[in-house]
Amino acid sequence: NASEVKVTRRGSVYLSGPITGTDYKAARYGWRKDAAALLAPGIVILSPMRHEGHLAEQGVIGAYNSGHFFSSPRVLVEKDHLDIKRSDIILAYLKDAERVSIGTMVELGMAYAEGRMIVAVVEKGSIHDHPFVTETAGLVVDNLDDACAAINSLLSEGL
């Protein structure tokens, strides 16, 4: 239970997962909102969907949304890279993905290169069940509840 976990420092978690081709509400508030509710109070959550409210009018999010500062390709890459560098743990949610997420794969490569702990939610036999996901992750689980419980434990105090 997230409310029972005491976080001793302000650990941070970056929420990585497919965005392109998804519905705005699902990308911003779907599993990311669920993760925020499952993570212990005090954990700082970094989402690539922050400052992206302008995408709501598009419905399905396209690959490149130039025309708005926060959706320009350079800002997208730099914002995500900065967030990965300042995160303790990367939560990569790849469950139910219908196609390979190029952005998420690059984020995982960045996280691995930066020495960040990766907790991946991947179903066996899915399109993301691949060594470059499962072997770069410190932990692979098949559901969000287990991923968040592990993160809460990793960022908690105790003997």
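Colleague: Which residue just after H4 takes a positive phi?

Modeller: Gly115, with a phi of about 75°. Helices and strands here are DSSP runs numbered from the N terminus, helices being H or I with at least four residues and strands E with at least two.

Colleague: Where does the model come from, and what are the ground rules?

Modeller: This is a predicted model, in which local features need pLDDT of at least 70 and side-chain atom pairs count only at pLDDT 80 or more, while totals for chains, interfaces and linings use all residues. Residues are numbered from 1 along each chain as its sequence is written, and side-chain values use heavy atoms, with hydrogens and water left out.

Colleague: What does the chain average in pLDDT?

Modeller: The average is 84, and 75% of the residues score at least 70. pLDDT is the predictor's confidence in each residue, from 0 to 100.

Colleague: Where is confidence lowest, and where highest?

Modeller: Lowest in helix H1 (residues 24–29), with a mean of 68, and highest in S4, at 98.

Colleague: Back to positive phi. What about Asp96?

Modeller: Phi of Asp96 is near 70°, and Asp96 is not a glycine. Asp96 sits in the loop between S3 and H4.

Colleague: Is Asp96 buried or exposed?

Modeller: Exposed, because its relative accessible area is 56%. The cut-offs are under 20% for buried, over 50% for exposed and partly exposed in between, with a 1.4 Å probe and protein chains only.

Colleague: Now H4. How many residues, and what reach?

Modeller: H4 has 12 residues and reaches 17 Å from its first C-alpha to its last, close to the 16 Å expected at 1.5 Å a residue. The expected span is 1.5 Å times one less than the number of residues.

Colleague: Which residues of H4 are buried?

Modeller: Thr104, Glu107, Leu108, Met110 and Ala111. They lie on the same side of H4, because they cover an arc of only 160° around the axis. That arc is taken over the directions from the helix axis to the C-beta atoms.

Colleague: Which exposed residues are on the face turned away from that side?

Modeller: Ile102, Tyr112 and Ala113.

Colleague: And what covers the buried residues of H4?

Modeller: The cover includes S1, H3, S3, strand S4 (117–121) and helix H5 (131–134). Contact means heavy atoms within 4.5 Å.

Colleague: Different topic. How many aromatic pairs?

Modeller: The structure holds 1. The rings of Trp31 and Tyr93 have centres 4.9 Å apart and planes at 20°, so the pair is stacked. Rings of Phe, Tyr and Trp (its six-membered ring) pair if their centres lie within 6.5 Å; planes under 30 degrees apart count as stacked, over 60 as edge-to-face and the rest as tilted.

Colleague: Where in the chain are Trp31 and Tyr93?

Modeller: Trp31 is in helix H2 (residues 31–38) and Tyr93 in strand S3 (residues 89–93), 62 residues apart. Trp31 counts as buried at 11% relative accessibility, and Tyr93 counts as buried at 14%.

Colleague: And the chain as a whole, how many helices and strands?

Modeller: 6 helices and 5 strands. Buried residues make up 41% of the 159 residues.
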